[in-house]
Amino acid sequence: MVEVKYLLEEMNVSEIKEIIKKCDIVLIPIGTVEQHGDHLPIFTDNYIAVEVSKMAAEKISKEFPVVVAPLVPFGKSTESKNWVGTISLEPITFIYLVKDICASLAKMGFKKLVFVNAHGGHVQLLGALTSDIARETNTFVAVFDWWQTDIQDDLKTGVRESGEAGIFHACEAETSQMMVLRPDLVNKERIAESYPCKFTESSGYKHLLIEKPHHLFSFSWNFEEMSQTGAVGDPTKASRDKGELIFEILSDALCSVLREIKEKVISSASA
Ligand SMILES: [Zn+2]
């Protein structure tokens, strides 16, 4: 098999000029530096964002080339700002960071910018920025994250053993993923159930639910009120096999999105 070069950080100027002639889509992995309890490292979201981006870029390269931009490691982690291990940006800093990165990628020639987001705290903010960035940089902008309904359904049928809110933070899913990526950084002795005591149906809520693919409305919360350890979910149900399956599901889902963007979204850089 021919090895495909798709990491922007490994390319020189002439290689970038060359790849831009054939490729108008760039993936931007984005995570955050945030506490993930006592059993996972603070870089967990970043490891996951990069892996999903790389897997999808590699899979789709058989059909068309897609480039992966350098990781955006810092993000907005307001809900765990008070915990040791979290390095959080103010929303305004985050907005400028993201806009500046997009402006540079657009100037380079990429016409379709796809964030691969692995941090729940970015979903609404990043989503709200897409049209503004697109307008300012004359690009198409999309955000791919875990909260897409079909991915949730796949995870539920194919993987999940934990109960309500068992997949949320440093949970069944993220712990499984880290067992694949960096098993040396998963502290198995500290893995423990950490179901939240509020914002779930089982604790008497109907509308204020933390685990819902589509919230009826947004509300404020923080990790202190839901967790002793910083984790929310059930990492005791994690396994390496599940982690591998989750990465397959996520990268396939991202490939499917990329096909649609390639085919249906017209850009001036498209052939
Ligand atoms: Zn995480």
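These are my notebook entries on a single predicted chain.

**Entry 1: overall layout**

I began with the secondary structure. I counted 7 helices and 6 strands in the chain. Then I read the elements from the N terminus on, and the order is α-β-α-β-α-β-α-β-α-β-α-β-α.

Next I looked up the dimensions. The C-alpha atoms fill a box of roughly 55 × 40 × 30 Å along the principal axes. The radius of gyration of the chain is 19 Å; a compact globule of 271 residues would have one near 18 Å, so the two agree.

I also checked which contacts hold the count. Of the contacts with a separation of 6 or more, 78% are between residues 24 or more positions apart.

How much of the chain counts as buried? I found 49% of the 271 residues. The accessible surface comes to about 13,100 Å². Carbon and sulfur atoms supply 53% of that surface.

**Entry 2: helix α6**

I turned to α6, which spans residues 172-181. Is α6 largely enclosed or largely open? It is largely enclosed by the rest of the structure, because 9 of its 10 residues are buried. I listed the buried ones: Glu172, Ala173, Glu174, Thr175, Ser176, Gln177, Met178, Met179 and Val180.

I wanted to know what covers them. The cover includes α2 (44-60), β5 (167-169) and α7 (240-264).

**Entry 3: phenylalanine 199**

Phenylalanine 199 has a relative accessible area of 7%, so I put it down as buried, the cut-off being under 20%.

Is asparagine 138 buried or exposed? At 56% relative accessibility it counts as exposed, since the cut-off for that is over 50%.

Which residues does threonine 139 touch, leaving aside neighbours within four places in sequence? I found contacts with Ala106, Phe110, Lys111, Leu113, Ile133 and Ala134.

I also took one distance from this residue. Glutamate 161 is 22 residues from threonine 139 along the chain. Their C-alpha atoms are separated by 41 Å.

**Entry 4: aromatic rings**

Last, I looked up the aromatic side chains. The structure holds 6 aromatic pairs. One of them joins tryptophan 221 and phenylalanine 223. The ring centres are 5.0 Å apart and the planes make an angle of 75 degrees, so I logged the pair as edge-to-face, the cut-off being over 60. Both tryptophan 221 and phenylalanine 223 are buried.

I then asked where this pair belongs. Trp221 and Phe223 form one aromatic cluster with Phe168.

Note on methods: Residues numbered from 1 in each chain as written. Predicted model: local features only at pLDDT ≥ 70, side-chain atom pairs only at ≥ 80, totals over all residues. Heavy atoms only, no water. Helix = DSSP H or I, 4+ residues; strand = E, 2+ residues; numbered from the N terminus. Rg over C-alpha atoms; globule rule 2.2 N^0.38 Å. Buried < 20%, exposed > 50% of the residue type's maximum accessible area, 1.4 Å probe, protein only. Contact = heavy atoms within 4.5 Å. Areas by Shrake-Rupley, 256 points an atom, 1.4 Å probe, with all protein chains shown as cover. Phe/Tyr/Trp six-rings, centres within 6.5 Å; stacked < 30°, edge-to-face > 60°.
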